[in-house]
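Here is a short report on one protein model. Keep the sequence at hand as you read.

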Amino acid sequence: MMETIQIKDLYDLNHTLAGDYLRQFTYPWEALDGIGALIAALGPQLDPAEYQQVSEGVWVARSATVAPTAYLGKNCIIGKNTEVRHGAFVRGNALVGEDCVVGNSVELKNVILFDHVQTPHYNYVGDSILGYYSHMGAGSITSNVKSDKTLVVVKAGEQRWETGRKKFGAMLGDHVEVGCNSVLNPGTVIGRGSHIYPLSCVRGVVPPKSIYKTGGVVVPQR
């Protein structure tokens with residue numbers, strides 16, 4: 001199980017501007033503290049023919065579409081051909097890839113979204129990394145702080161990984177599908193290609209190419 005939650009097993013790093021940055025780490029949550037600094041360093045290096053700096057610490061691809069009612073906070077990069085819809089609240093420290101959707105009433109905070117990620121309707125994504133072509137169904141959220149405010153531990157059966165973090169949402173591998181109105185609890189890691197049923201309450205590690213069913217039953221995909 002250890003191998004399935006490492007960066008090299010969750011993500012194709014060719015599909016994000018954060019690829020070289022993520023290669024420094026073994027586990028994805030180790031990268032969360034440096035997202036803001038990463039964006040601040042990447043922004044000035046972006047090709048001005050393709051990106052424009054629209055405010056302090058905020059760069060938007062010229063091919064992207066950003067609704068006038070959307071808020072983009074420092075530090076932020078919005079990738080090529082990405083759509084940021086009405087009422088989106090990008091609080092800051094958000095690296096959003098190419099061909100993404102950040103939908104109405106969606107809130108992003110301290111996140112990396114790989115290329116082709118969709119967070120289209122009423123999603124909260126905080127202190128999380130969403131892999132290539134991952135999709136959050138309407139109303140699904142990452143819960144990033146435990147109710148008792150203790151540090152987050154990633155759990156898979158008897159295995160435990162102490163993260164040392166109070167805030168940690170979810171790590172979604174490439175091509176993960178999260179069903180509508182699901183809650184991904186602090187420390188959730190979902191392996192590549194897995195599907196989460198709607199209305200699920202997910203905790204811990206979901207293996208790659210699995211289906212997380214009602215009641216927390218996990219079965220391999222056929």
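Which residues does Val-189 touch, not counting those up to four places away in sequence?

## Basis

This is a predicted model, where local features need pLDDT of at least 70, side-chain atom pairs count only at pLDDT 80 or more, and totals for chains, interfaces and linings use all residues. Residues are numbered from 1 along each chain as its sequence is written, and side-chain values use heavy atoms, with hydrogens and water left out.

Val-189 touches Ile-5, Leu-10, Trp-29, Val-154, Phe-168, Met-171, Gly-204, Val-205 and Val-206. Contact means heavy atoms within 4.5 Å.

The largest nonpolar core has 66 residues. Such a core is a set of buried Ala, Val, Leu, Ile, Met, Phe, Trp, Tyr and Cys residues joined through side-chain atoms within 4.5 Å. Among those with the most contacts inside it are Val-189, Trp-29 and Leu-22.

Strands are DSSP runs (E, at least two residues), numbered from the N terminus. Two strands pair if DSSP finds at least two bridges between them.

β1 (residues 51-55) and β2 (residues 58-61) run antiparallel, joined by four bridges. Gln-52 stands opposite Val-60. Two residues separate the strands, and Gly-57 in the turn has a positive phi of about 75 degrees.

β14 (residues 152-156) pairs with β15 (residues 159-165) in the antiparallel sense over five bridges. Val-152 has Arg-165 as its bridge partner. Two residues lie between these strands too, and Gly-157 takes a positive phi near 60 degrees.

## Asp-127

Asp-127 sits in strand β11 (residues 124-130). Asp-127 is buried (under 20% relative accessible area, with a 1.4 Å probe and protein chains only), at 2%. Beyond four places in sequence, its contacts include Asn-110, Arg-165 and Phe-168.

Conventions:
Buried means under 20% relative accessible area, exposed over 50%, partly exposed in between (1.4 Å probe, protein chains only).
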